[in-house]
Amino acid sequence: MSSSDFEPRPLDTHKPSSARIYHHMVTGEVIFESDLPFIHRLYADIPFYPKWAQHNRRFLARAVRHMVGAGVRQFLDIGAGLPTGGNTHEIASGLAADTRVVYVDNDEEAINRARDLLREQGVLDTTAMVDADLREPARILDHPDTQRLIDFSQPVGLLMVSVLPWITEADKPAALVEQFRNAVVSGSHIAMTHVSLEDAGQEIKQQVAAGAAIFADASTPVTLRTRQQFESFFNGWSIAEPGITYATDWHPDQPVDIDDYARPCNFAAVGSLP
Ligand SMILES: C[S@@+](CC[C@H](N)C(=O)[O-])C[C@H]1O[C@@H](n2cnc3c(N)ncnc32)[C@H](O)[C@@H]1O
């Protein structure tokens, strides 16, 4: 990683970002006081959002463990978010010492915090945070840190966990996923989740629609998708058991506080490349 990559980037503290809001829902940490009005509005409309976020985060951990168990030793975690406990490199290296992880995000706070953490942990030889946008696959794939850490002749674990909701239809999300599929070899895996209202009750539909509208004030709008749209992102991948399911229901490894609110609003699946 070049030293210029570590220069702090300017932060927009006035517009809440999806990364900071999600981080708050997972950890309770308020990063900027200016995010609080937005967070309070979101809590009012979607009181179950923190639970949704925590279920989503736990799915990511289980998907990483699944991939390491399947022999994957290198990960491209796109839309990685702000680091919290149980980050991809920590989970993976705890299971197999020779793992490498490239994180990607386009949020300044996520990038700066991840780089600080990786530097503090002394893991920059095996891990990096790349400042890039999912909408630019070539920039991610060709980035010097990606090329340094990922051997594309070996299986790769792609993580796109709750990042596609931030990609509008105009940006052709299925084509973006396809470009990553075309870059990796057989035995590679992909894990994705996606917020959806398809299976939600009427009351929740109204709540979440109101919450989603709030994101119009954030730095990025959110796109809700159907099960079929989510499944289309796995085109070319063999979807592992139990198929397209809710994040809570994907190989749960501990009793979870399942409810009728958060549970149906997050589709999840893991695929492997035949
Ligand atoms: C809801 S968080 C998910 C974080 C993490 N993947 C997880 O599941 O715990 C979404 C993340 O995707 C990032 N993101 C949104 N749009 C992106 C884009 N076009 N390119 C890269 N990252 C993006 C946001 O900055 C944020 O950190």
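**Helix H3 and its packing against H4**

In this predicted model, helices H3 and H4 (residues 88-95) pack at an angle of about 35°, with their axes 9 Å apart; axes are lines fitted to C-alpha atoms, for helices over the stretch in contact, and angles run from 0 to 180 degrees between N-to-C directions. The crossing of the two helices is right-handed, the near helix being turned clockwise from the far one by less than a right angle. H3 contributes Leu60, Ala61, Val64, Arg65 and Val68 to the contact, and H4 contributes Thr88, Ile91, Ala92 and Leu95, where contact means heavy atoms within 4.5 Å. Of these residues, seven are nonpolar, one is polar and one is charged.

H3 comprises 21 residues (residues 49-69), which at 1.5 Å a residue should span 30 Å, and its end C-alpha atoms are 30 Å apart, in agreement. Of its 21 residues, 15 are buried (under 20% relative accessible area, with a 1.4 Å probe and protein chains only). Gly71, which follows H3, has a positive phi, near 100°.

The mean pLDDT of the chain (the predictor's confidence in each residue, from 0 to 100) is 91, and 94% of residues reach 70 or more. Confidence is highest in strand S4 (residues 157-161), at 99, and lowest in helix H9 (residues 202-214), at a mean of 79. Over residues 1-8 pLDDT stays under 50, and the model has 13 contacts beyond four places in sequence for this stretch.

Residues are numbered from 1 along each chain as its sequence is written, and side-chain values use heavy atoms, with hydrogens and water left out. Because the model is predicted, local features need pLDDT of at least 70 and side-chain atom pairs count only at pLDDT 80 or more, whereas totals for chains, interfaces and linings use all residues.

Key:
Helices (H or I, at least four residues) and strands (E, at least two) are DSSP runs, numbered from the N terminus. The expected span of a helix is 1.5 Å times one less than its number of residues. Buried means under 20% relative accessible area, exposed over 50%, partly exposed in between (1.4 Å probe, protein chains only). Ala, Val, Leu, Ile, Met, Phe, Trp, Tyr, Cys and Pro count as nonpolar, Asp, Glu, Lys and Arg as charged, and the others, Gly among them, as polar.
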